[in-house]
Amino acid sequence: MMASSTPSSLEHTMLAASEQVPIIVVAIYCGQFKIGLCQLSVTSEKNQNLVCARNSIKAAVECGARLVVLPEMWNCPYSNDYFAKFAEDFENEDASPTFSMLSEAACSHGITIVGGSVPESSDGRLYNTSCVFGPDGKLKAKHRKIHLFDIEIPGDITFKESDFFAAGDKPTIVDTDLATDKQLFNADVGRIGIGICHDIRFPELAALYRAKGARIICYPGAFNISTGELLWEVMQRARAADNQLFVATCSPSRDSSGSYAIWGHSTLVGPSGEIIATSGHEETVVVAEIDYSKIELQRKGLPLDKQKRADIYLS
């Protein structure tokens, strides 16, 4: 497997963290930190999924990642047959093995983890929820998917996420630190906006995150093959270019269990809409460097904020 759609100035190195999971490492220079996107193969066994995620996080860290992102619905198949069964109440950490694993992994590696999303049980409802953990292992934020994916295309796909999940009602912005020991890492990963899958279709949310100072938006997602082929890359590049920031997406691999066919192609996009790193549809880990100075260069050269005509848009 090779990374695709990347600028020729990037140096690509593929490393094997294990016999099963290849790693794509994309090196750019003058970067601030590395991000890891863990594209996982999801099974119907929760414990197996937790072990796989833990190993992939470790592999990303061994390649230098200090911010790691997991996919949407990675601890269970994307199927209504599993959501309630695999759901966890995060208020009861002793009965939440997914929550506990992510917390421990973030703490042991001294990194920030955007924990993809998993089914959350709260007050008799299910939510599609992403938990973000800091390098001390503490929960920094929890994002419940705001825009639920309801689609009906005759002869192609019918899916109604609102049949089993309740929608979140708050945007999520996270201020992060790489580690408490600044002499060791001398950097942080800045302000992050969080969205889940269908949230990416709504430019208003991304614009809100930019206005509030986010420098990267992380979207765990599981686009299906139909919408993925048409829109997955387009949406990421549009959100990044419109707001002149980084966008990172992380998907399960296509060979995941369940009847929902997943597109894959976890990707990092830069502030001019350029693809920095991407994967195919198989299980892998993508590691790439992020340089936030690119944001300032892009905004200085193309000052979209100054060029906006609110007097026209709001009239």
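Figure 1. Aspartate 175 is partly exposed, with a relative accessible area of 47%, where partly exposed covers the range between buried, under 20% relative accessible area, and exposed, over 50%, as computed with a 1.4 Å probe and protein chains only. The model is predicted, so local features need pLDDT of at least 70 and side-chain atom pairs count only at pLDDT 80 or more, whereas totals for chains, interfaces and linings use all residues. Residues are numbered from 1 along each chain as its sequence is written, and side-chain values use heavy atoms, with hydrogens and water left out. The side chain of aspartate 175 meets that of arginine 191 in a salt bridge of 2.7 Å, N to O, a salt bridge being a side-chain nitrogen of Lys or Arg within 4 Å of a carboxyl oxygen of Asp or Glu. The two residues link distant parts of the chain, since aspartate 175 belongs to strand E11 and arginine 191 to strand E12, 16 residues apart; helices (H or I, at least four residues) and strands (E, at least two) are DSSP runs, numbered from the N terminus. Arginine 191 is also partly exposed, at a relative accessible area of 31%.

Figure 2. Strand E12 (residues 191-194) runs parallel to E13 and is joined to it by 3 bridges, two strands being counted as paired if DSSP finds at least two bridges between them. Within this pairing, isoleucine 192 stands opposite isoleucine 216 of E13. Strand E14 (residues 246-250) also pairs with E13 in the parallel sense, over 5 bridges, and here tyrosine 219 stands opposite threonine 249 of E14. The chain passes from E13 through helix H6 (residues 225-243) to E14 in a right-handed β-α-β crossover, where right-handed means that, with the strands pointing away from the viewer, the path from the first strand over the helix to the second runs clockwise. A right-handed β-α-β unit is likewise made by E12, helix H5 (residues 203-211) and E13.

**Figure 3. Serine 117 and its surroundings.** Serine 117 lies in the loop between strand E5 (112-114) and strand E6 (118-122). With 0% relative accessibility, serine 117 counts as buried. Leaving aside residues up to four places away in sequence, serine 117 touches Pro71, Glu72, Met73, Trp74, Asn128, Thr129, Ser130, Ile196 and Pro220, a contact being heavy atoms within 4.5 Å.

Figure 4. The structure holds 13 salt bridges, and one of them brings together the side chains of glutamate 120 and lysine 142 at 2.9 Å, N to O. Glutamate 120 lies in strand E6 and lysine 142 in strand E8 (residues 139-144), so the pair ties together parts that are 22 residues apart in sequence. Glutamate 120 counts as buried at 2% relative accessibility, whereas lysine 142 is partly exposed with a relative accessible area of 29%. The side chains of lysine 145 and glutamate 161 also meet in a salt bridge, at 2.9 Å, N to O. Lysine 145 sits in the loop between E8 and strand E9 (150-153), and glutamate 161 in the loop between strand E10 (157-160) and strand E11 (172-175), so this pair ties together parts that are 16 residues apart in sequence. Lysine 145 is buried, with a relative accessible area of 1%, and glutamate 161 counts as buried at 0% relative accessibility. Both residues belong to a network of salt bridges that also includes Glu72.

Figure 5. Isoleucine 312 is found in helix H9 (residues 310-313) and is partly exposed, with a relative accessible area of 46%.
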